[in-house]
Amino acid sequence: MRIEVWSDVVCPWCYIGKRRLEKALEEFPHPVEVVWRSYQLDPGAPVEPTETVAESLGRKYGGGVEAGRRMIDRVEAIAAEEGMLWRHHESQRANTVDAHRLLHLALAEGGPRMQGELKEALLAAYFMRAENPADHDVLRKVAAGTGLDASRVDEVLAGDEFRDEVYADIERAGAYGATGVPFFVIDQKYGVSGAQPTEVFTQVLERAWSESHPQLQVVEGDDVCGPDGCAI
């Protein structure tokens with residue numbers, strides 16, 4: 001089974017949804033491959049941060065920085081229920097295109113396993129350590145921790161490699177009808193929008209598996225031969 005997940009490394013619900021999917025997969029008895037697809041919630045965000053997430057939320061939705069802080073308080077409380085302690089109040093609004101390009105590099109160089117490790121490391125860097133996902137020094141450090149070749153990381157960050165793949169992912173999400181993230185596509189049959197409860201992921205996984213691996217329906221009869229001979 002293959003799961004494709006569209007998400008952004010600065011999206012709080014994407015991190016929460018990731019944890020809930022992982023809990024469902026822990027109890028799922030069949031092999032599953034997870035591939036992370038790119039999506040930018042804020043493609044116009046600057047590389048050099050000029051405001052915190054709280055300030056950005058308060059400006060965008062109204063109410064000022066205090067309203068933004070209340071939004072962060074709510075999502076941090078939900079993250080804590082999933083076992084994550086964040087420093088999201090310190091997080092800054094920043095561009096994520098280079099982080100996504102490195103995720104494509106990880107998939108190309110090390111497959112879904114390495115890409116998954118980098119995805120987790122990037123999310124942790126942003127939400128748990130409030131690091132800037134647009135800072136190339138931060139990206140180099142995070143990528144090195146997952147085993148990506150340092151010279152290849154430098155090559156990608158110095159140019160535009162994998163930029164087309166990032167935008168292709170975003171276009172494909174739109175073709176699927178996704179209007180936000182996280183967005184999960186399971187075996188290209190089921191789409192799950194949002195950080196659904198673990199039970200929902202479990203149900204969809206079981207349904208998708210049963211449809212792609214149907215059990216044989218046997219009509220029993222007496223006129224058969226077996227190890228003990230034939231009934232004549």
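Helices (H or I, at least four residues) and strands (E, at least two) are taken here as DSSP runs, numbered from the N terminus. The structure is a predicted model, in which local features need pLDDT of at least 70 and side-chain atom pairs count only at pLDDT 80 or more, while totals for chains, interfaces and linings use all residues. Residues are numbered from 1 along each chain as its sequence is written, and side-chain values use heavy atoms, with hydrogens and water left out.

Strand E1 (residues 2-7) is largely enclosed by the rest of the structure, because 5 of its 6 residues are buried, where buried means under 20% relative accessible area, exposed over 50%, and partly exposed in between (1.4 Å probe, protein chains only). Pairing of two strands requires that DSSP finds at least two bridges between them. By this criterion E1 pairs with strand E2 (residues 33-38) in the parallel sense over 6 bridges, with Val 5 standing opposite Trp 36 in E2. The chain passes from E1 through H1 to E2 in a right-handed β-α-β crossover, that is, with the strands pointing away from the viewer, the path from the first strand over the helix to the second runs clockwise. E1 also pairs with strand E3 (residues 183-186), in the antiparallel sense and over 4 bridges, and the bridge partner of Glu 4 in E3 is Val 185.

In helix H2 (residues 53-61), the buried residues are Val 53, Ala 54, Ser 56 and Gly 58. Their cover includes helix H3 (64-81) and helix H4 (97-127), and H2 is followed by Gly 62, whose phi is positive, near 90 degrees.

Grid points are joined across faces, edges and corners, and a volume is the space filled by probe spheres set on the points. The largest pocket holds about 610 Å³ of space. Of the 22 residues that line this pocket, the closest to its centre are Val 10, Pro 12, Leu 41, Val 53 and Leu 57. Helix H1 (12-26), H2 and H3 each supply at least two residues of the lining, and H2 gives the most, with 6 residues. By class, the lining has 14 nonpolar, 3 polar and 5 charged residues, where Ala, Val, Leu, Ile, Met, Phe, Trp, Tyr, Cys and Pro count as nonpolar, Asp, Glu, Lys and Arg as charged, and the others, Gly among them, as polar.

The search of the whole structure finds 1 cavity of 30 Å³ or more, and about 40 Å³ of space lies in the largest cavity. Among the residues lining this cavity are Val 9, Leu 122, Tyr 126, Asn 132 and Val 142, and H4 and helix H5 (136-145) each supply at least two residues of the lining.

Arg 129, in the loop between H4 and H5, is partly exposed at 37% relative accessibility and, not counting residues up to four places away in sequence, touches Arg 87, Ala 121, Ala 124 and Val 142. Pro 49, in the loop between E2 and H2, is partly exposed with a relative accessible area of 22%.

Note on methods: Contact means heavy atoms within 4.5 Å. On a 1 Å grid over the protein atoms alone, a cavity is a set of points where a 1.4 Å probe fits but cannot get out, and a pocket is an open set with protein on both sides within 12 Å along at least five of seven lines; lining residues have an atom within 4 Å of a point.
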